[in-house]
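Here are my notes on the model, point by point. Please read them with the structure open.

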Amino acid sequence: MHFPSSFLWGAALSSYQVEGGNTHSDWYLWEREKHLEPAGVSCDHYNLFENDFFLASRLNINSIRLSIEWARIYHEPLRAQLDELTHYQHVLEVLHKFKITPLVTLHHFTNPVWFNKRGGWLASKNIDFFLLYLKEVVGQLKEKVEYWLIFNEPLVYLYYGFIEGRWSPGIKSLKKAKLALNNIITAYSLGYQEIKRIYKNSQRRSYVSFAKNLRAFYPCPRFNLGLNNLSAFMRDRMFNLFLLEYCAKKNLMDFIGANYYCKEYTKFGGLTGKECNHTFHKERRNDMDWYIYPEGLYEILVRLKNFRLPIIITENGSAESKNHLYEDYLIAHLKSIAYALHADINVQGYFWWSLLDNFEWHKGFAPRFGLVAVDYKTQGRFVRPFAFTYAQIIKENGMEV
Ligand code: BGC
C-alpha cells in the first residue's frame, strides 16, 4: 500500500528531554527539589543536533518535530536572549539543508522558573508572557517553519502537574487544574490568532495546532462491567474528545496533532473513572507498562475523520527491552495508518517518538524510545535495527498490508 507522496515521515524530540543544560527551566529545579534523576546534559543535542539530524536524514526521515525551550529564550520575563534565537535559527537551517521539514512545538511541559514563581498557569495575567514569547519566536522563525504546535498534550501536563502533583509545579487540586486549563485554552486561542496574523504578510503558509494525547479507553472486564463501561465512555469524552471538539468548533486547528501510544483499562470511580491497575497477563505491555494496542490507533483515526481536518500522528512509539518488539510495534501501528488511508482518512504524517533515547521526565533515562540509542557516558549514537526497517518503509513510501 502506497502512502501519499507528500507524507511526512518523521521522528519527534522535545527540547528539555534531549538538549541538556536547561538550567532556567522549572524542571531543572523540580528534579533537585524532588531528588529525581536529573536531565543534566541529557543527549547533548544542543551541541550535537547537526550530527543527529544527519543520522535522521540517512534514515530517510523527511520531517522532524522539535520544541523550543521557552526558558532558554526568556531567562527573565521581558528580554529575549537573541543568541538563543540564533541557535534555533541555525537548527532550522540545518534541517532545511537535509531537506527535512520542521514541526515546531512552543510548549512541551516546561516553563521558565520565573514564570512559575509568578503563579505560572494559575494566573491569567501570565498569559501575556507566553504570548510575548510566542510572538518573538514565531516572528523570528516564520520563514523557516510552516507547522506549529502551540502546546504538547495540555491535559497530560495538567494531570501530572496540577492534579497528581508528580510533575512541576506539584499542585494537587482539581479546582486549580481547571483554572490552569482555562488559562492554557485562552493562551492557545490567542496564540493561534497571533500566528495567523504573523503569517499574513509572509510567503509561507502556516499550519497551526496542538499535540493531543489520545488513548484507547476500554472498560476493565473485572467487577462491574456496566459501570466500567460508563467510566470508559466518560474518560474518552473528557480526555480524548473535549478539547478537540472545543477547538474545532472555534476554528482553532488547521490539522489534528494526535499522540497515540496505548490502550487503557478504565474502572469506575469519580466523574471520569480511573485507570485500572489490574494486570492482564495475556496482553503485551512495554517497558512503561503500557498495553500495546495498534488497533486502537485505527479506531481513533476513524473517529477523528468526523472533524474533517488533516491528521498528523505527532507521536507514536515504545520503550522496549528487545529490538524485535520495537519493530513489531512500528509495523503494527503503521498498518493501522495504512488501513485508515485506505478508508479515506486524511492522515498526512507520522512521527516516531523519539529520534533519540532521552530523558523520560520522572522516570529518568531508563525507558528507551529512540530510533537511535544513546550511550549517555560517551554521547555515542547507535542506530537500532528497527530504524532500518523504518528507513526502508520510508524509501518505498509504503508497506505491504
Ligand atoms: C510526551 C513525551 C514523552 C512520551 C513518552 C508523550 O506523551 O509528549 O514528552 O516522553 O509521551 O512518555
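A polar contact is a pair of N or O atoms within 3.5 Å; within protein, one must be able to donate a hydrogen and the other to accept it, and residues adjacent in sequence count only if both atoms are side-chain atoms.

The model is predicted: local features need pLDDT of at least 70, side-chain atom pairs count only at pLDDT 80 or more, and totals for chains, interfaces and linings use all residues. Residues are numbered from 1 along each chain as its sequence is written, and side-chain values use heavy atoms, with hydrogens and water left out.

1. **Ligand site.** An oxygen atom of the ligand lies 2.6 Å from an N or O atom in the side chain of Glu-153. For Trp-361, the distance from a side-chain N or O atom to a ligand oxygen is 3.0 Å. Tyr-261 has a polar side-chain atom 3.5 Å from an oxygen of the ligand. Taken alone, the ligand exposes 310 Å², and the protein buries 93% of that. These areas come from the Shrake-Rupley method with a 1.4 Å probe; for residues, only the protein chains shown count as cover.

2. **Ligand surroundings.** The ligand is surrounded by 13 residues. The closest are Gln-17, Asn-152, Glu-153, Glu-315 and Glu-360. A residue is counted here if one of its heavy atoms lies within 4 Å of the molecule.

3. **Helix α13.** Helices (H or I, at least four residues) and strands (E, at least two) are DSSP runs, numbered from the N terminus. Helix α13 covers residues 385-396, twelve in total. From first C-alpha to last it reaches 17 Å, close to the 16 Å expected. The expected span is 1.5 Å times one less than the number of residues. After α13 comes Asn-397, with a positive phi near 50°.

4. Which residues of α13 are buried? They are Phe-386, Ala-387, Tyr-390, Ala-391, Ile-393 and Ile-394. They cover an arc of only 160° around the axis, which puts them on the same side of α13. The arc is that of the directions from the helix axis to the C-beta atoms. Phe-388 and Lys-395 are exposed on the other side. Buried means under 20% relative accessible area, exposed over 50%, and partly exposed in between (1.4 Å probe, protein chains only). The buried residues of α13 pack against β1 (8-12), α12 (323-342), β9 (347-353) and β11 (380-383). Contact means heavy atoms within 4.5 Å.

5. **Helix α12.** This helix has 20 residues and reaches 29 Å from its first C-alpha to its last, close to the 28 Å expected. Its buried residues include Leu-325, Tyr-329, His-333, Ile-337 and Leu-341. The buried residues of α12 pack against β1, β6, α11 (294-304), β8 (311-316), β9 and α13. Asp-344 follows α12 and has a positive phi, near 65°. His-342, in α12, counts as exposed at 66% relative accessibility.

6. **Glu-264.** Is Glu-264 buried or exposed? Glu-264 is buried, with a relative accessible area of 3%. Its side chain makes a polar contact with the side chain of Thr-266 at 3.5 Å. Glu-264 also touches Arg-215, Ala-216, Phe-217, Tyr-218, Arg-235, Lys-274 and Glu-275, not counting residues up to four places away in sequence.

7. **Backbone points to check.** Most residues other than glycine have a negative phi, and most peptide bonds are trans. The bond from Ser-168 to Pro-169 is cis, with omega near 10°. Pro-169 sits in the loop between α8 (154-163) and α9 (174-199). The bond from Trp-353 to Ser-354 is also cis, with omega near 15°. Ser-354 belongs to the loop between β9 and β10 (372-375).

8. **Positive phi in loops.** Lys-99 is not a glycine, yet has a positive phi of about 60°. Lys-99 lies in the loop between α5 (82-97) and β3 (101-107) and is exposed at 70% relative accessibility. Asn-251 has a positive phi near 55°. Asn-251 lies in the loop between α10 (225-249) and β6, and is exposed at 59%.

9. **His-35.** This residue is in the loop between α2 (26-33) and α3 (45-58). His-35 is exposed, at 72% relative accessibility.
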